[in-house]
Amino acid sequence: MSSLRNIPAIDELLALSAVQSYLEIYKREFIVDLLRQATATLRQELLSLEQEKEKEEISHWILNQVEDLLRSTTSGSLTRVINASGVVLHTNLGRAPLGNRALGYMHTMACRYNNLEFDLDSGERGSRYTHVEELLIRLTGAEAALVVNNNAAAVLLGLTTLAQGREVIVSRGQLIEIGGAFRIPEVMKASGAKLVEVGTTNRTYLADYEAAINETTALLFSAHTSNYKIVGFSAEVELKEMVNLGQAKGIPVMQDLGSGILTDLGDWGLRDEPTVQESIKTGADIITFSGDKLLGGPQAGIIVGHKKYIDSMKKNQLTRALRVDKLTIAALEGTLLEYLCGNPQEGIPVIQMLTMSSDQLLNKAEELRDKLAKKLMGSTQISKMELVQLEDMVGGGAYPSYHIPGYGIQIAFREKALETVARELRLMNPAVLTRRQEDSLLISVRTLLAGESDELVELLTQVLK
Ligand SMILES: *Cc1c(COP(=O)(O)O)cnc(C)c1O
């Protein structure tokens, strides 16, 4: 109890040389706040303590506490992560890392003025939606395009604009949930459209759609079941059949493609995912997809399709709330240009990682193994370290049933528990996210970006010290 007397006053603490050095960097009010917070915490602790504490000990404790608070407040919460998981589009790790052209554009537009909403030719007000539209039209073959904040927003905008207060027909096999609480039935409700479910979970036929059509039907909706697959006794109606039915009845077809790839990856074993161009050719009236999944760009929701539908979406008040900023437009423009240049395999990290050859991956794994061996040769901590074949994943809710063959390093430890090593690696800066296989740590090399093999070797060495 009596220790409370020994808590120094804030003014006394402010006079300490350690605190003075903080005051040279940070605002006085901020440091005073931290001192108050530390003092209040300490007061609680002292209340429950039997023996008396000296003033010096108390000051020391407060200073330590302030240092911790300062570190956690100022180091930033968003932390760089080295992705050694082999999951290329990891939604929890920010999905697609951007390519250089996208970065360059972003950098310029971020720190300079630009023509975001200015028509340089006429000298009058322009529209932010014109910037990537031309590129998207050329790349996908659609009549018109619109970019919003993300694909969830794109679906919401499409449904609200075209089907508010009316019916939308969806197969029961496509009432999907994507990570992060995106559920087709919920989005439908939020849009004000009425969901009409047809068919069953595993089988839906064209006749089911046909029977559900009435004068209040606004859309036939198709959701790409991107993150799971029904195998066995199942049937879904092909997009082409839906389009034919829609055209016969005068009802547009909207397709939520999810990932939305622009380049065929069949040569790398990634089949079954329709490209956006194919869906347009098949006749879908409105297609939505993400900017930061297989496209490999920034977070964005891309809508392509018939001009009359896109025009009405542009006029919807909601579009203002879902609009993208200049940085997104710049990054998207930089990304799309790589496709126009026929260069996605080099210019877009996601595509580059997915199209690495077996030889490239093996080389990368051998180099990493050699570096690790050189650095950790004498370590008593490691009981086993070997180059292994493993299975990587596309992630981001695409190609759910595909495991793509890759290479990596498997490491087992002697003294430290595997979970301890994995956690310590996660708490480094940059953080390292690995995989585990039974009792060993797995490092996949596919998702290690430039320079990260060396960093990883350093970080693992520190953890094992
Ligand atoms: C990922 C996905 C979404 C959500 O896209 P975001 O860009 O994350 O908002 C919607 N529908 C499908 C089919 C998806 O795969």
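1. Two strands pair if DSSP finds at least two bridges between them. Strands (E, at least two residues) and helices (H or I, at least four) are DSSP runs, numbered from the N terminus. By this rule, S17 (residues 435-437) is joined to S18 by three bridges, and the two run antiparallel.

2. The model is predicted: local features need pLDDT of at least 70, side-chain atom pairs count only at pLDDT 80 or more, and totals for chains, interfaces and linings use all residues. Residues are numbered from 1 along each chain as its sequence is written, and side-chain values use heavy atoms, with hydrogens and water left out.

3. S17 and S18 form a hairpin with two residues between them. Glu 438, in the turn, has a positive phi of about 50 degrees. S18 also pairs with strand S15 (residues 404-413), in the antiparallel sense and over four bridges. Here Ile 409 has Ile 443 of S18 as its bridge partner.

4. How many residues of strand S18 are buried? Five of the five in S18 (residues 440-444) are, where buried means under 20% relative accessible area, exposed over 50%, and partly exposed in between (1.4 Å probe, protein chains only). In a regular strand the side chains alternate between the two faces of the sheet. In S18, Ser 440, Leu 442 and Ser 444 point one way, Leu 441 and Ile 443 point the other way, and all are buried.

5. Thr 461 belongs to helix H19 (residues 452-464). Thr 461 counts as buried because its relative accessible area is 11%. A polar atom of its side chain lies 2.5 Å from the backbone oxygen of Val 457. Apart from neighbours within four places in sequence, Thr 461 is in contact (heavy atoms within 4.5 Å) with Lys 375 and Leu 376.

6. The whole structure was searched for cavities (on a 1 Å grid over the protein atoms alone, sets of points where a 1.4 Å probe fits but cannot get out). One cavity of 30 Å³ or more was found. The largest cavity has a volume of about 50 Å³, a volume being the space filled by probe spheres set on the points.

7. Lining residues have an atom within 4 Å of a point. For the largest cavity they include Arg 128, Glu 133, Leu 146 and Ile 329. Helix H6 (133-140) and strand S5 (144-148) each supply at least two of the lining residues, and S5 gives the largest share, three residues. The lining divides into eight nonpolar, no polar and two charged residues. Ala, Val, Leu, Ile, Met, Phe, Trp, Tyr, Cys and Pro count as nonpolar, Asp, Glu, Lys and Arg as charged, and the others, Gly among them, as polar.

Technical notes:
On a 1 Å grid over the protein atoms alone, a cavity is a set of points where a 1.4 Å probe fits but cannot get out, and a pocket is an open set with protein on both sides within 12 Å along at least five of seven lines; lining residues have an atom within 4 Å of a point. A polar contact is a pair of N or O atoms within 3.5 Å; within protein, one must be able to donate a hydrogen and the other to accept it, and residues adjacent in sequence count only if both atoms are side-chain atoms.
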